[in-house]
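Okay everyone, thanks for coming. Let me put today's structure up on the screen, and then I'll walk you through it.

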Amino acid sequence: MMTLRGRRARLRKKKRRKHVLVLAGALLLALGLASLTNGRLDGPHPQLPDFTTWHGAFAFEPGPLDPARAVTVTDGSACALVYNGLVRFDAEGLVVPDLAERWEVSPDGLVYTFHLRSGVRFHDGSTLTAPDVVYSFTRLLDPKLGSRRAWVLDSIKGARDFLGGRALRVDGLEAPDTLTVRITLERPLAHFPALLAMPAGYVVSPEAARRWGMDFGYHPVGTGPWKLASWREGVGMSFEVFAGYFGQGPRLQTLSYRFIPDATTRQAEFEAGNLEVLALGEENAGYFAQNPRYAARIQKAPELAVVYVALNCGKPPLDDVLVRRALNHAIDRGAILDAIRPGRYVLANGSIPLGLGGHEPTWDGYAYDPSLARALLARAGYPEGLDLDLVIRAGGLSVFSAEPIQAELARVGVRLRIVQLETQAFFAATGDSGNPDLCLLSWVADYADPENFLFPLFHSSNTPSGGNNARFSDPVADLLMEEIRGEADPRRRAVLCRAAERVVFERAPWIPLFFPVDLFVCQPVVRGFRVWPVYSGNKMTEVWLEDDAGRGDDLGREGRADREGGGRE
Amino acid sequence: MIRFTLRRLLGAIPVLVAVSLATFGLLYLVPGDPVKAIVGERASPETIANVRRELGLDLPLGRRYLNWLGRTLSGDLGRSWITGRPVADSLKARLPVTAKLALTAFAISTAIGLGVGVYAASRHNTAADHLVRVGLLVFGAVPVFVIATGAMYLFGVKWRLLPVSGIGDGSLRNFILPGLVLGLYLSIYQARMTRSVMLEVIRQDFIRTARAKGLEETAVIWRHAFRNALVTVITLLGGSLSNLLVGSVLTETIFNLPGVGRFTVDAAYARDLPAVMGCFLFQSVVFVAANALIDVAYGLADPRVRVG
């Protein structure tokens, strides 16, 4: 017995030694693997910096790069690189010439005549002509294509008939000669040029669009400063400089974008030096602002958007303006804003972002006054308070702001039930078929014009899914908004916008919350970067990379000379 | 053996039909209009009707299902309603990513899981056993995104040993981190199962006999106990592998790997019916195939199964 135990103990000791050996081996192997991979990073900055390639990230993979199919901000940003419109948004958000070098409007505001630049080339070498513009616009309106951006051009004369299949061509679209496009509208629309600056108004190569059909967006041919060079589904895409670009060409040679959906992952890639710029959200804005390495490299600009709670004016008890005002008085929006993330949002009293189109609101909003809220509720016949549902979209800001709203309303006797829905279900619930009491929404501008923050959101002709989620209807407000749409004089327009905003918000169809602020942080090598008020204005022609020793830009310039040389041959 | 395998494969057909029917029905029931998801909320009624007709969504549900079945049987999975790409192409692009991640994770989890499980069982009720059990429990209780993000920051950002995320050129080193994270999580479950199965076997008479014969402990554990635990372990491994092969959404998202898992979730959120159906078809085929393989493996590991 004794001997047996002794043998077992010896065996065990031997085995322990063996375990240690195996462990050591594994460690060595791991170290070997690590050293093998060390220094072979794909990132741009480690040993040999590449100053000619921009490394960016898209949070979503864009859809096909086809102006008629571009819907999201990512789609539009990518299309902006490849295509041009007749006009574009500049760094101030104003409409400036692009493919058209100038344009005239008839005195009655119905006929727009655009004069194209001569000698503009598509990526395939063909020359841009006026019929190409007519083709592109007609294509957008083609009922067979089913573009979700067809509304952008549906104010053109005959567009609705063509869209509905009742006409074979769009009457209001003409090309009297190779460099002139004449567009006739159904009725005056002062912000029509702003609509043309949207990605939906970009001009495509008719030859390529016909050849590729459904797949055109994966083989895009435009006139823009960048050509699509590669696209790996789910992984990333890259663009190369188009040597024949008509405008001021890019300072970089290649744009390489990866698709990285997760915000934490994007942040890690940025901190590893693999991305030039990172867009900040509420979750990491504070981290970078407090980090001495990055604090000075943060850029911000107001986003053309508004976050709000729509109150259903078409359904009791919110059809009573007293109840809607009571809810507005009950909520301390300033406190909610401070709790979320100061710096990422600005308090909103109305719907039009401050400064947009020279907007100076005369409407001060509803003051925080819970006792007044209770009194208003009692006067409206709800001394005991009432029950309401608030529909929100899953994730992000919604949850941050919905719970404080619920707590504030509870203090004045309003029992708010939060209904959180996944995106598509949310759209169904807040759209035409749903009928919620309150819903937490945001509106992002399609074009930089105050009209875009009034007419779609509050005109009685607009459906909930078109923007009027509050189902607001007021004859005076309707008249004012129609007036704005026809008014070309900017000064009178500004007066009308102020008046309309006031008329609308005195009827309290919303609880306006915040205007978001866009925040970006840049790597030290990034030069010439700025935040564009309208995202599609950015064609990535002005940014470049250069380190503190001044290396980088020369490289880019040499590269450009090479390319131009190549073009002459 | 061949007849056994064939019978298993034929039995899978009703399963596939049932799964596809259920998926089709569920997508019909969930809220949200797919046409609105495609053409947008501001589209005119004419456009909506047009697109609905073009996609065949105006037909009764039964007809739509039969149409889909017919196309699928002829090898056409249709085009995505959102991207316009053929669904089969998208799946083909994503399959290698998921397969590489799955195999890396599987190799790691099997090596660790079985090793640790057998080790803990052979040292039943010793300090080592307790340490392993508690350690696994603690590790398993930490959410995967914490470990994943931590690993990403340490290895990718701080030490720069491995790529932070993405598949890069598709080489194996891009899959080491995600494979490790995923594999470690899976190994917890495998280690615990292996340990309990082993303990059951070790208590049996033939193990005592083997030890009484004076066999070395290593031989007792691996040749006698482990072989007998193998049938249960194979079920375990087969299940793990098929779970890995249908995609691991969290790991794929955090490490930015464009695999089947993320594709499925994105498609479901967008109500992209052709893509969703393609994904579910692919996943049920993987499941059914994995189960058939497990059955065949049983037969190899345990002769009694073949007879029964």
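So, what is the mean pLDDT of chain A, and what share of its residues reach 70 or more? This is a predicted model, and the mean for chain A is 86, with 87% of the residues at 70 or more. There are stretches to treat separately, though. Over residues 27-48 of chain A the pLDDT is below 50, and that stretch has 19 contacts in the model beyond near neighbours in sequence. Then there's residues 554-569 of chain A, where pLDDT stays under 50 as well. For those, the model has 17 contacts beyond four places in sequence.

Okay, the overall picture. Chain A has 569 residues, and 44% of them are buried. You'll find 17 helices and 20 strands in there. If you take the contacts in chain A with a separation of 6 or more, 69% of them come from residues 24 or more positions apart.

Let's zoom in on one sheet. It's an open one in chain A, four strands with antiparallel pairing, and the order is 4-5-7-6.

Three bridges join it to strand 7 of chain A, residues 180-184, and the two run antiparallel. To pick out one pairing, Glu174(A) has Arg182(A) in strand 7 as its bridge partner. And lying across strands 5, 6 and 7 of chain A is helix 3, residues 130-141, which runs at about 175 degrees to strand 6.

Now, the partner chain. How many residues of chain A are in contact with chain B? It's 41, and they meet 43 residues of chain B. Helix 1, helix 7 and helix 13 of chain A each supply at least two residues to that side. By class, the chain A side has 18 nonpolar, 15 polar and eight charged residues.

Let me finish on helix 13 of chain A, residues 423-430. Six of its eight residues are buried, so the helix is largely enclosed by the rest of the structure. Among the buried ones are Phe426(A) and Phe427(A). And what covers them? The cover for the buried residues of helix 13 includes strands 15, 16 and 17 of chain A, together with helix 3 of chain B, residues 34-39.

Terms used:
Residues numbered from 1 in each chain as written. Chains lettered and ligands numbered in written order. Predicted model: local features only at pLDDT ≥ 70, side-chain atom pairs only at ≥ 80, totals over all residues. Pairing = 2+ DSSP bridges. Contact = placed C-beta atoms within 7 Å. Axes fitted to C-alpha atoms, helices over the stretch in contact; angles between N-to-C directions. Buried ≥ 20, exposed ≤ 12 C-beta atoms within 10 Å, placed from the backbone. Nonpolar A, V, L, I, M, F, W, Y, C, P; charged D, E, K, R; others polar. pLDDT = per-residue confidence, 0-100.
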